[in-house]
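Let's take a walk through this structure together. We will begin with the whole chain and then look at some of its parts.

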Amino acid sequence: MKLNTQSFALNLKHNKRAITIFPQLLILVFIVLLSDVTNAQSDSAVFAWPEGKRAAVSLSFDDARESQVISGTPLLDQYGVKATFYVVPSTMEKQLDGWKKAVTNGHEIGNHTLTHPCTGNFSWSRNNALEDYTLKQIRNELKECNKRIRELLNVKAEVFAYPCGQKFVGKGINTKSYVPLVAEMFIAGRGWMDEAANDPVYCNFAQLTAIEMDGKDFDQILPLLKEAKKTGQWLVLAGHEMGEPGFQTTRLVMLKKLIEYAQDPSNGIWIKPVGTVARYIQEHKD
Ligand SMILES: [Zn+2]
């Protein structure tokens, strides 16, 4: 009898503990299940690039610098890689035949405004400063540039790059963003000197980020490519001159290594112009 009472007391103690442990266990199971759901959600958010590729890379160059069609496009053509060139028509005219050839060979031509207005903090832009612009004036810049590109090359510019990466007009309380204008007129607008690549599911196409490739060696670009592969990003690289090391110059030696890396099927990189990638995402996002 004494033994029975003892075992009853023991059972009761056990049950009591079980009762107090049970809700804690329940919470733990709930947390584990929840984290599984969250992981599944973030996994499903990774964008499916074509042909099973893991990331996209776009090469882009600004201002229609002469070296782009003298040294740059011949190298790209050798590898069959198409890039995006954001042109200022008056500069483009200096090498018009080279630009016509670039179009024939499948490179994309984008709008980079008619007169390249930037902040007046740059002394060279003081007389054509964004601070003195209105939205109406900047709209005219974009429209006239498109018109000129069509006249000179017979192409419709569908993509845009903000000169100096600056996206405003006006000053103080009158400052206005011209991003909505770019969203209205183009399928994509590219910035400059950003720190992150684009998340294809999340990004604002009128404000795509761009990472500078001027002055860099391949070992400085490689970590960006690896990161893009890991996270399924779209890396837009931006440069100016194309040639031997120099001021605002994308080095051809670096470019060669980058292209060879991107074209190695085991690296899973989709290397296409900005407009091609933007259109692909817009058509396959949902
Ligand atoms: Zn520029």
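**From the whole chain to its parts**

Of the 286 residues in the chain, 34% count as buried, meaning that 20 or more other C-beta atoms, placed from the backbone, lie within 10 Å of the residue's own. Keep in mind that this is a predicted model, where local features need pLDDT of at least 70, side-chain atom pairs count only at pLDDT 80 or more, and totals for chains, interfaces and linings use all residues. Residues are numbered from 1 along each chain as its sequence is written.

The chain has 9 helices and 12 strands, which are DSSP runs numbered from the N terminus (helices H or I, at least four residues; strands E, at least two). Taking contacts between residues at least 6 apart in sequence, 74% join residues at least 24 apart; a contact here means C-beta atoms, placed from the backbone, within 7 Å.

Now turn to helix α2 (residues 66–79) and helix α8 (residues 252–263), which pack at an angle of about 25° with their axes 11 Å apart. That makes α2 roughly parallel to α8, since angles under 35 degrees count as such. On the α2 side, Ser71, Leu75 and Tyr79 meet Leu252, Leu255, Lys256, Ile259 and Gln263 of α8.

Finally, have a look at the strands. Strand β2 (residues 84–87) runs parallel to β3, joined to it by 4 bridges, and Thr84 has Glu108 as its bridge partner in β3. Strand β3 (residues 108–111) is covered on both faces: Glu108 and Gly110 are buried on one side, Ile109 and Asn111 on the other.

Note on methods. A residue is buried if 20 or more other C-beta atoms lie within 10 Å of its own, exposed if 12 or fewer, and partly exposed in between; C-beta atoms are placed from the backbone. Two residues are in contact if their C-beta atoms, placed from the backbone, lie within 7 Å. Axes are lines fitted to C-alpha atoms, for helices over the stretch in contact, and angles run from 0 to 180 degrees between N-to-C directions. Angles under 35 degrees count as roughly parallel, over 145 as roughly antiparallel, 65 to 115 as roughly perpendicular and the rest as oblique. Two strands pair if DSSP finds at least two bridges between them.
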